[in-house]
Amino acid sequence: MSMAFWVYLAVFIVFLACGAPIYMALLSSGLSYVFLHGNIDSMAVMAKMYGSLDSFVLLAIPMFMAAGIVMNNGGITDRIFNFCRALLGHLPGGLAYVNVLASFLFSGMSGSALADVGGLGNVEIKAMRDEGYDDDTIFGITAASATMGPIVPPSIPMVVYGSAASVSVGTLFTAGVGPGIAIGLILCIAVFIVAKRRGYTVHKRATMRELFTCIRRSFFALLLPIIIMGGIMCGYFTPTEASCIAITYCIIVVCFIYHDMPVKNLLAVVDGTVSGIVPALAIVSSASLFGWVLQFEHLGEKMYNGITSLTNNKWVILLIIDVILLFFGMILDSTPTIMLLVPIFQPLTTAVGISPIHLGVIVVLNLMIGLMTPPYGQSLFMLAGTTGVHFNKVVKYVMPWLLPMFIALLAITFFEPITLAIPMMLDFEVF
């Protein structure tokens, strides 16, 4: 490695250690590399940074963000939760099952784990506390089920991955259905074990009248994921167009059908979306400088040579990638991690026959597990902030629920059909 690379790495670490925003750490380290290398055209760097944002795919991110905000502020989360409660509330530990199913359904609308924790999570936590559930069950299942947000389509991190890896976002979306179902089933098994041991309250089964009332009240909300995925799978629109349809549909439903949010509140939605998307796009732009580092330092080739000198077994390589991603997921947000690591992984995974679609799901799932893992898990901080429970206690409650998530990760990593079966059935290109 050149001296410029080590300076790049040192500047990046120092900025992170000082608490600087991640985009500032990436930008400063990238510019230091450009300055020290001497053979890189500064105008070409600016063009590279601007070009990274000139992407039709990335337009989907603010639209899905806005849709999540509208749903959280417009009562859709309450309707989804009430529907799931009527469906599963009679089971032992029923509200924990409701937590999983509601998160699965909400995942098909928002595309964000943090939107799940911050919106639906508040409803779930309050209901479970009122029913006398233990805090470790409440916080653990809420954090774990929220990881399905970016796995079940649509998915904001998958949009970022699709842009970084130059693969079809629509195919990634369809590939997330199987893993999302697998995660939900594994969490339900964990809930069954916990509920059987602790003897949680069992409620009377909802009558058909009550169930149909909940279906009627939540019908338009439940229709959204069908519209999004049905349109993408049938080829009626692209994922980016689907994001525009999602926000338009949410506004119509919340403001004009349910009347749960006045139209004037849409300005607050715009404000929240801009506040969320600007840092994300700043990260994408500043991380594009890492492409220059890859180009001049041949990092992808060096990683390929290093790992293949140890093993050519793709399953061992996938396990190594899991470990690397879990580590970075614990300390960095998903967007910069995807932008930094995916270009390094791609030459290696392509050479050993790993599908970029399969890799995309593995990358996103690892990083979502990172959201519920200390020291910097954002889901943990959000749970602590919204409930007033000390961060260390939240960590203690959530840690046991990492076990079912690791089981799901291993299953999805080593059993490809979970991820690739649906895209291949639809004749989508997976290699």
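Let us start with a pair of side chains: R85 and E131 meet in a salt bridge, with 3.1 Å from N to O. Here a salt bridge means a side-chain nitrogen of Lys or Arg within 4 Å of a carboxyl oxygen of Asp or Glu. The pair links distant parts of the chain, 46 residues apart: R85 belongs to helix α5 (residues 76-88), while E131 sits in the loop between α7 (113-130) and α8 (135-146). Helices are DSSP runs (H or I, at least four residues), as strands are (E, at least two), numbered from the N terminus.

A word on the model itself: it is predicted, so local features need pLDDT of at least 70 and side-chain atom pairs count only at pLDDT 80 or more, whereas totals for chains, interfaces and linings use all residues. Residues are numbered from 1 along each chain as its sequence is written, and side-chain values use heavy atoms, with hydrogens and water left out.

Back to our pair. R85 counts as partly exposed because its relative accessibility is 31%, and E131 is partly exposed too, at 23%. The cut-offs are these: buried is under 20% relative accessible area, exposed is over 50%, and partly exposed lies in between (1.4 Å probe, protein chains only).

The whole structure holds 7 salt bridges. Side chains of opposite charge can pair when their charged atoms come close. Another such pair is K126 with D130, at 3.1 Å from N to O. These two residues both lie in helix α7, 4 residues apart, or about one turn of the helix. K126 is exposed, with a relative accessible area of 55%, and D130 is exposed at 55% relative accessibility.

R198 and D134 form a salt bridge as well, at 3.0 Å from N to O. R198 lies in helix α11 (residues 177-198) and D134 in the loop between α7 and α8, so this pair ties together parts that are 64 residues apart in sequence. D134, D136 and R198 are linked in a network of salt bridges. R198 is partly exposed at 38%, and D134 is partly exposed at 32%.

Now for the surface. F219, F220, I252, F256, I257 and V263 make a nonpolar patch of about 530 Å². Patches are built from residues with over 30% relative accessible area and no salt bridge, joining like charges within 9 Å and nonpolar side chains (Val, Leu, Ile, Met, Phe, Trp, Tyr) within 5 Å; the areas come from the Shrake-Rupley method with a 1.4 Å probe, and for residues only the protein chains shown count as cover. Helices α12 (208-233) and α13 (239-257) each supply at least two residues of this patch, and the largest share, 3 residues, comes from α13. F219 is found in α12 and is partly exposed at 42% relative accessibility.

What lies inside? T273, in helix α14 (residues 266-287), is buried, with a relative accessible area of 8%. T273 and I69 are 204 residues apart in sequence, yet 7.8 Å apart in space, C-alpha to C-alpha.

Finally, look for the largest pocket, lined by 39 residues, of which L114, D333, S334, L371 and Q378 lie nearest its centre. A pocket is an open set of points on a 1 Å grid over the protein atoms alone, where a 1.4 Å probe fits, with protein on both sides within 12 Å along at least five of seven lines; lining residues have an atom within 4 Å of a point. Helix α4 (residues 60-73) gives the most to the lining, with 6 residues.
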